[in-house]
Amino acid sequence: MITIIKNGEVYAPQYLGRQTILIIGDKIAKIGNVKVDKYLDLDLEAEVIDAAGRIVMPGIIDPHIHLIGGGGEGGFATRTPEVQLTDLTQSGITTVVGLLGTDGTTRHLTSLLAKARALEEEGITTYIYTGNYHVPTPTITSCVKDDFILIDKVLGVGEIAISDSRSAQPSLHEVAKLVAEARIGGLLSNKAGVTHFHTGPGKEKLTYLHQLLEQYEIPASQLYATHITRSQALVDDAIALSNKGVYVDITCSDDTKEWIEYFKKHGGKMDHLTLSSDGNGSLPQFDEKGQFLGLGVASPYTLFEQMVRTAKSDQLSMEEVFKLVTSNTADVLKLNHKGRLIEGCDADIIILDEEMTTPAYVVAKGRWMVKDGEILVKGTFEK
Ligand code: ZN
């Protein structure tokens with residue numbers, strides 16, 4: 001199967017100008033001077049899409065999404081539902097990293113792994129973090145290190161909760177040992193081996209991560225903190241951490257654009273920043289005494305929506321914004337075949353509509369999931 005996307009404004013995510021992309025099977029075969037007629041003359045199934053006037057970019061990577069749901073902080077009725085395939089593809093998301101949250105009793109890593117495998121069978125690319133909020137953290141094989149080595153989809157551990165009333169309040173040393181074990185597991189399986197931190201609203205902010213770098217033999221590349229826009233003080237701390245080489249992640253919400261502008265203006269390292277949806281996670285509200293007030297559920301679409309809103313910022317370039325959901329995320333997760341439009345990479349590509357309101361075309365591993373706004377592939381039980 002040959003697919004040619006011609007005349008698009010290509011962001012790889014760096015801006016390449018008007019280019020043509022040749023896809024053969026599930027890979028990007030060529031970008032640039034593609035002799036379209038020659039490929040059409042081959043007696044093979046072939047398709048040409050004219051993307052003139054439209055932005056063509058890598059499929060979005062969502063590094064933090066509750067694939068089997070999360071929540072439950074307000075009792076059983078507040079457990080959030082599973083993600084469906086088209087929740088992702090209609091958001092331009094072609095790669096996800098699924099994870100557990102607060103609940104490690106009625107949510108299991110084996111269920112998360114099965115869900116990730118199901119979504120992969122349905123057409124996108126999936127990974128998971130082993131563990132959840134707690135330390136010691138749950139695992140599949142009874143050992144974090146072994147989870148990395150024995151389970152292909154495990155590329156990190158998390159989300160480990162810090163600075164939060166829902167955290168298990170681990171000691172710094174307990175966290176250091178967990179990060180070290182993940183690193184060793186990552187080394188032995190040639191994966192990122194990152195520890196992904198859920199940062200709560202607590203007064204300690206990211207102190208633990210600074211201390212891990214100062215007091216232990218832990219490379220900055222192993223630490224990856226999310227939910228960093230809870231307060232200006234927390235963003236300032238994340239800026240400091242990014243300058244030490246730690247990747248930090250913003251959970252998308254209505255103020256994402258303003259926080260990214262703030263991050264850049266105050267010296268944050270833009271190539272160490274990513275965006276995520278926290279999709280299907282709960283959005284609990286607590287009062288100042290930690291009492292539960294109410295609950296919402298996060299949508300994966302927020303990631304696309306906030307990417308587009310931020311891309312229109314006059315303080316940021318489009319390629320700078322697109323990197324936050326593609327190449328930066330691929331770099332922290334060591335996904336060398338993802339997040340870039342380069343020959344040999346997986347053919348995960350989205351084409352935005354002219355107004356940039358939807359990902360009008362979505363290709364995942366060379367297969368059309370959405371074409372001209374129409375959903376071509378649905379999840380097994382989607383109607
Ligand atoms: Zn979280």
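Pro136 is placed in the loop that runs between strand E8 (125-130) and helix H4 (144-150), where helices (H or I, at least four residues) and strands (E, at least two) are DSSP runs numbered from the N terminus. The peptide bond leading from Val135 to Pro136 is cis, with omega near -5°. A cis peptide bond also joins Gly158 and Glu159, with omega about -10°; Glu159 belongs to strand E9 (residues 154-162). Most residues other than glycine have a negative phi, and most peptide bonds are trans.

The structure is a predicted model, in which local features need pLDDT of at least 70 and side-chain atom pairs count only at pLDDT 80 or more, while totals for chains, interfaces and linings use all residues. Residues are numbered from 1 along each chain as its sequence is written, and side-chain values use heavy atoms, with hydrogens and water left out.

The protein chain contains 11 helices and 19 strands. For its 383 residues, a compact globule would have a radius of gyration near 21 Å, and the 20 Å of the protein chain agrees with this; the radius is taken over C-alpha atoms, and the globule rule is 2.2 Å times the number of residues to the power 0.38. Along the principal axes, the C-alpha atoms fill a box of roughly 65 × 45 × 40 Å. Of the 383 residues, 58% are buried, where buried means under 20% relative accessible area, exposed over 50%, and partly exposed in between (1.4 Å probe, protein chains only). Among contacts (heavy atoms within 4.5 Å) with a separation of 6 or more, 70% are between residues 24 or more positions apart.

The accessible surface of the protein chain comes to about 15,400 Å², and carbon and sulfur atoms account for 49% of this area. These areas come from the Shrake-Rupley method with a 1.4 Å probe; for residues, only the protein chains shown count as cover. The chain carries 37 positive and 51 negative charges, whose mean positions are 2 Å apart. Lys and Arg count as positive and Asp and Glu as negative, with His and the chain ends not counted; each charge is placed at NZ of Lys, CZ of Arg, CG of Asp or CD of Glu.

In soluble globular proteins, nonpolar side chains tend to be buried together. A nonpolar core is here a set of buried Ala, Val, Leu, Ile, Met, Phe, Trp, Tyr and Cys residues joined through side-chain atoms within 4.5 Å. The largest such core has 78 residues, and those with the most contacts inside it are Phe197, Leu209, Leu212, Leu273 and Met307. Helix H5 (residues 172-189) gives the most to this core, with 6 residues. A second, separate core has 19 residues, including Ile31, Ile49, Ile351 and Val363.

In helix H9 (residues 301-311), 8 of the 11 residues are buried, among them Leu303, Phe304, Met307 and Val308. Apart from residues up to four places away in sequence, Met307 touches Met57, Ile60, Val321, Phe322 and Val325. In helix H6 (residues 207-215), the buried residues are Tyr208, Leu209, His210 and Leu212. Asn280, in the loop between strand E13 (273-276) and strand E14 (282-286), has a positive phi of about 60° although it is not a glycine. Asn280 is buried, with a relative accessible area of 7%. Beyond four places in sequence, Asn280 touches His66, Gly69, Gly70, Thr80, Pro81, Glu82, Val83, Val297, Ala298 and Pro300. Met356, which is not a glycine either, likewise has a positive phi of about 60°. Met356 lies in the loop between strand E16 (349-352) and strand E17 (359-364) and counts as buried at 10% relative accessibility.

His227 is found in the loop between E11 and H7 and is buried, with a relative accessible area of 7%. Leaving aside neighbours within four places in sequence, His227 is in contact with His64, Glu159, His198, Thr199, Leu234, Asp249, Thr251 and Asp278. Thr102, in the loop between strand E7 (93-98) and helix H3 (109-122), is partly exposed at 23% relative accessibility. The C-alpha atoms of Thr102 and Asn132 are separated by 6.7 Å, although the two are 30 residues apart along the chain. Contacts of Thr102, again excluding neighbours within four places, are formed with Glu73, Asn132, Tyr133, His134 and Arg166.
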